[in-house]
Number of protein chains: 2
Amino acid sequence: MGEFALLARLFHSQGVDDGLTEVANGDDASVHTLPAGESLVVSSDSALEEVHWPRGFDLQQAADRALQAALSDLAAMGAVARWCWVALMAQGAEALEAMGRGVLRGAARSGVVVAGGDSVRAATNGLTVTVAGTLPSGTAMCRGGAKVGDGVWLFGAVGLAAAGLRQWRQGERSGAWIDAFARVNARLAEGVALRAMGVRCCIDVSDGLVQDAGHLAEAGGVRLLLTLDALPQVAALSAAWDDALDLVISGGEDYALLCCAEPQLEGRLAGLGGVRIGAVAAGAGVEVRYRGRRVEAKRGFDHFAARG
Amino acid sequence: MGEFALLARLFHSQGVDDGLTEVANGDDASVHTLPAGESLVVSSDSALEEVHWPRGFDLQQAADRALQAALSDLAAMGAVARWCWVALMAQGAEALEAMGRGVLRGAARSGVVVAGGDSVRAATNGLTVTVAGTLPSGTAMCRGGAKVGDGVWLFGAVGLAAAGLRQWRQGERSGAWIDAFARVNARLAEGVALRAMGVRCCIDVSDGLVQDAGHLAEAGGVRLLLTLDALPQVAALSAAWDDALDLVISGGEDYALLCCAEPQLEGRLAGLGGVRIGAVAAGAGVEVRYRGRRVEAKRGFDHFAARG
């Protein structure tokens with residue numbers, strides 16, 4: 001079966017009835033209208049075998065999580081996720097189909113329309129996922145919105161995905177931490193709720209808690225004071241490894257949301273499942289404490305710095 | 001220099017003042033508003049070394065043409081190109097920078113804002129380019145709009161890029177045909193003009209004239225009768241190779257535009273530089289003639305069928 005037939009079977013058969021899409025798969029481009037008064041929010045991310053997931057990892061799951069990782073960027077902005085376009089790079093037809101099915105599965109779970117696809121035979125399996133959503137103009141949560149006095153809130157666990165990936169590399173194939181790596185769900189509902197309650201500073205924790213907190217500090221011209229005491233992950237991971245703190249502060253790929261919000265929102269943030277892990281102060285950089293002691297922050301993963 | 005610094009230097013420094021972009025590079029996603037009454041048009045395509053360009057080909061040029069190839073899809077819809085997001089896959093920092101610079105160069109030439117980027121170290125150099133444009137809602141040129149009696153019009157040469165790629169593989173490094181492969185310019189102005197004059201059926205010729213004409217025939221439920229006599233490329237290529245007709249009808253990567261339009265538009269289409277190469281008839285499929293004789297149509301390139 002040729003490329004076109006494969007993609008047609010996977011994608012073209014998807015009915016698109018979101019009320020906003022004029023043209024989808026099967027033409028040169030897709031065409032969409034935006035809800036009145038809303039802005040477009042777009043992000044594009046690649047995920048490659050042996051970089052973003054280990055060789056041997058289920059390709060359907062890998063593509064599903066690649067989509068969710070991209071959607072996590074929309075969650076961080078507070079956008080309603082609407083469409084995705086998927087460029088599949090596959091070693092063969094079987095890998096192509098597995099990744100295509102993974103994207104469709106993840107898209108269905110998140111209510112996102114697969115609006116376009118491209119495929120190419122490649123030496124390494126991978127995919128680039130571009131996602132788009134919408135939000136009321138002028139309400140996007142950005143990295144630079146932190147203000148001195150804000151609380152710092154975390155939605156979702158950190159460190160568990162890195163723990164699961166480590167277990168996978170040690171030969172484990174199931175368990176809660178491996179699931180934390182494999183089964184990602186972008187926190188779209190939380191992102192929309194945060195934006196709707198007026199939060200204007202947020203990032204998704206993809207590169208590690210301290211590195212991503214550093215992005216908020218730098219963009220906002222502030223200092224983030226974090227304490228890990230409220231995070232149950234530290235104790236849980238400490239039972240398995242000595243470097244549990246490292247996993248929690250530097251382990252990436254969890255796709256939690258980290259936001260800075262005014263103190264009066266505290267009740268609503270806690271009600272949404274958030275954990276307060278710090279405060280915004282004057283200054284620069286990120287300071288992390290656990291049980292009263294400073295924790296040295298390692299940098300998160302950087303594809304080019306780490307191995308370049 | 002790490003991934004973030006590299007991308008920052010290449011992309012974040014680009015000032016974005018298109019009047020429509022609220023947030024660009026450096027946040028989790030970019031945020032844009034659309035002109036009133038306009039729809040969003042999006043396409044995403046990958047280009048990989050050794051598939052879309054030969055190893056040893058200048059990476060800056062390769063990335064430039066990858067962007068133009070993606071923009072060609074917007075041209076085919078009649079959209080005004082506005083933004084692109086680039087996922088770079090690079091063997092190292094040097095390749096990353098070369099491809100990044102190529103994208104910036106191509107984007108500047110086409111008046112497109114680079115709104116976001118991602119990069120990853122990969123075994124093979126490549127990039128996925130997602131492009132977006134806008135057009136008045138309801139005016140997109142689609143594949144399925146051909147009507148019996150329409151003329152079939154070609155904007156741009158076909159076959160020369162395939163000829164140039166063949167020369168390159170034979171050791172040539174310069175010349176008009178190699179330029180036809182290397183220096184792609186999406187026909188955005190023609191696309192916008194066609195859409196504005198009321199044309200509603202168009203495709204870009206990326207996979208080969210006959211294959212792409214076949215997409216129009218299939219989507220429109222019509223038969224396309226093409227004649228190559230008006231194309232100077234046949235004679236030009238015949239001076240070099242016996243299979244010149246094959247190159248013209250099956251060679252891809254030229255990014256010409258092929259449209260079907262009502263007869264009364266003939267004068268305006270010719271004034272825009274179009275060449276009438278056929279007519280739309282009842283039936284199905286594509287029939288090609290040259291000097292009064294039927295030409296057998298080979299299929300265009302299919303990454304998975306050709307080698308799968």
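This is a predicted model: local features need pLDDT of at least 70, side-chain atom pairs count only at pLDDT 80 or more; totals for chains, interfaces and linings use all residues.

Tutor: Residues are numbered from 1 along each chain as its sequence is written, and chains are lettered from A and ligands numbered from 1 in the order in which they are written.

The sheet is open and has six strands in the order β1(A)-β2(A)-β3(B)-β6(B)-β4(B)-β5(B), with mixed pairing. Strands (E, at least two residues) and helices (H or I, at least four) are DSSP runs numbered from the N terminus, and two strands pair if DSSP finds at least two bridges between them. At the edges stand β1 (21–23) of chain A and β5 (113–121) of chain B; each has a single partner strand, so one side of each is left without a neighbour in the sheet. Neighbouring strands are turned by 20° against each other on average, direction ignored.

Within chain B, strand β4 (residues 80–90) runs parallel to β5(B) and is joined to β5(B) by eight bridges. One residue pair here is M89(B), whose bridge partner in β5(B) is V120(B). Helix α3 (residues 93–110) of chain B packs on the sheet and touches β4, β5 and β6 (126–136) of chain B. The direction of α3(B) makes about 175° with that of β4(B); axes are lines fitted to C-alpha atoms, for helices over the stretch in contact, and angles run from 0 to 180 degrees between N-to-C directions.

The contact between the chains takes 57 residues from chain A and 57 residues from chain B, two residues being in contact if their C-beta atoms, placed from the backbone, lie within 7 Å. On the side of chain A, strand β3 (residues 38–48) gives the largest share, nine residues. By class, this side of chain A has 28 nonpolar, 17 polar and 12 charged residues. Ala, Val, Leu, Ile, Met, Phe, Trp, Tyr, Cys and Pro count as nonpolar, Asp, Glu, Lys and Arg as charged, and the others, Gly among them, as polar.
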